[in-house]
Amino acid sequence: MGTNQQKILEVKDLTVEFRTDQGKLTAVNRVSFSLGKQEVLGLVGESACGKSMTALSILRLLPPGGRITGGEVCLENVNLLKLSREKMRRKRGKTIAMIFQDPNTTLNPVRTIGAQFVETMKTHLSISMEKARDRSVDMLSAMGLASARGIMRKYPFQLSGGMRQRVMIAMALALEPQILIADEPTTALDVTVQAQILSEMRRLKKDFGTGILLISHNMGVIAQLSDRVAVMYAGSIVEYGSAEDVFYRPAHPYTRALLNSIPDLSLQGQALCSIKGQPPALHKMPEGCSFYPRCSRAGEPCKSVYPLWTDINEGHSAACFFPLEQKSCCESHGEGVLT
Ligand SMILES: Nc1ncnc2c1ncn2[C@@H]1O[C@H](COP(=O)(O)OP(=O)(O)OP(=O)(O)O)[C@@H](O)[C@H]1O
Ligand SMILES: [Mg+2]
């Protein structure tokens with residue numbers, strides 16, 4: 001994926017497989033993208049399309065049963081997939097921080113938030129105990145958590161799910177990492193808190209040059225923050241380009257279907273266009289394009305041949321034999337999405 005910015009992360013042909021009772025499935029299928037310094041790359045797609053598995057493989061934290069079977073994850077020309085466990089461990093945190101989709105997996109239930117926060121800070125940054133504590137409190141406040149000092153004394157179970165999510169985000173952002181992977185960071189939160197968090201991420205990008213991989217199935221969240229967008233379907237990226245191109249001038253029929261399924265307040269009372277059919281089962285993928293059974297534009301080659309990338313314009317490509325014409329759609333829909 002091309003960008004003029006200095007690339008910090010390059011993922012090439014990343015492939016992840018799971019062994020399941022129904023056989024082997026490919027959760028991530030030859031996924032490639034790059035992330036620049038001070039850039040936000042949005043990764044969107046329906047549930048179960050492989051967004052989290054892509055993120056977790058970058059940190060080599062796949063769940064049991066999952067295996068990276070191909071590709072490279074290069075951080076400043078070092079392939080992370082080849083590092084020793086110890087060297088990899090040292091990359092997590094200050095170099096690459098992650099906000100996990102499930103906040104319960106990362107917080108230790110028997111230690112207070114304050115103890116965990118301060119320890120995380122002290123492990124990754126050379127700062128005093130006092131500074132670490134002050135910074136933790138500041139970050140919790142920036143996440144819209146009132147009485148941050150009180151929260152430092154609490155255990156995870158004493159907080160709501162949304163509060164735990166904000167604690168995790170605060171910890172990741174406080175490290176001022178080179179790369180931040182944010183997997184559905186604001187899904188459990190209401191819109192005012194969501195706005196606060198997105199603005200903190202924007203600050204991180206601006207002040208520290210952090211490159212952010214932002215994962216969400218919420219196109220609105222992606223549109224608010226992303227410079228570029230990659231659209232994922234059934235384990236593969238099917239379109240990528242600038243946020244403006246992808247939202248205003250989508251080329252892949254799947255991207256257009258996703259945009260058409262966003263609620264539009266100006267169309268109140270009208271039915272939403274849901275995408276007909278289901279994504280294919282990952283252990284029984286169709287031979288050709290994975291979207292063709294749901295695609296109104298599908299023609300002969302789509303059934304049997306996986307589509308090659310078609311360049312739509314500079315930096316904008318789609319894996320489709322019959323990409324949409326450039327001014328045919330979503331001009332009005334995009335307006336509601338892109339801010
Ligand atoms: N532990 C597991 N065992 C077997 N298969 C798994 C496991 N975890 C994930 N998968 C497979 O990987 C695929 C991708 O899952 P992933 O969690 O990356 O989806 P996602 O795009 O993040 O979805 P969501 O939006 O719901 O978070 C799933 O379809 C599932 O089949
Ligand atoms: Mg996920």
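Author: Leaving aside residues up to four places away in sequence, Ala 172 touches Ala 97, Met 98, Ile 99 and Leu 180, where contact requires C-beta atoms, placed from the backbone, within 7 Å of each other. This is a predicted model, in which local features need pLDDT of at least 70 and side-chain atom pairs count only at pLDDT 80 or more, while totals for chains, interfaces and linings use all residues. Residues are numbered from 1 along each chain as its sequence is written, and chains are lettered from A and ligands numbered from 1 in the order in which they are written.

Ala 172 belongs to the largest nonpolar core, which has 93 residues; together with Leu 214 and Val 231, Ala 172 touches the most other members. Such a core is a set of buried Ala, Val, Leu, Ile, Met, Phe, Trp, Tyr and Cys residues joined through C-beta atoms within 7 Å. Helix 6, spanning residues 161-174, gives the most to this core, namely 9 residues. Helices (H or I, at least four residues) and strands (E, at least two) are DSSP runs, numbered from the N terminus.

Buried denotes 20 or more other C-beta atoms within 10 Å of the residue's own, exposed 12 or fewer, and partly exposed the range in between. Both faces of strand 9 are covered: Arg 228, Ala 230 and Met 232 are buried on one side, and Val 229, Val 231 and Tyr 233 on the other.

Strand 9 pairs with strand 3 (residues 40-44) in the parallel sense through 4 bridges, pairing being defined by at least two DSSP bridges between two strands. Within this pair, Val 44 stands opposite Val 231. Strand 10 (residues 236-242) runs antiparallel to strand 9, with 6 bridges between them, and Ser 242 of strand 10 stands opposite Arg 228. Strands 9 and 10 form a hairpin with 2 residues between them, and Ala 234 in the turn has a positive phi of about 45°.

As to confidence, the chain averages a pLDDT of 90, and 92% of the residues score at least 70; pLDDT is the predictor's confidence in each residue, from 0 to 100. Over residues 328-339 the pLDDT is below 50, although this stretch has 27 contacts in the model beyond near neighbours in sequence. Where pLDDT is low, predicted coordinates should not be read in detail.

Methods: Two residues are in contact if their C-beta atoms, placed from the backbone, lie within 7 Å.
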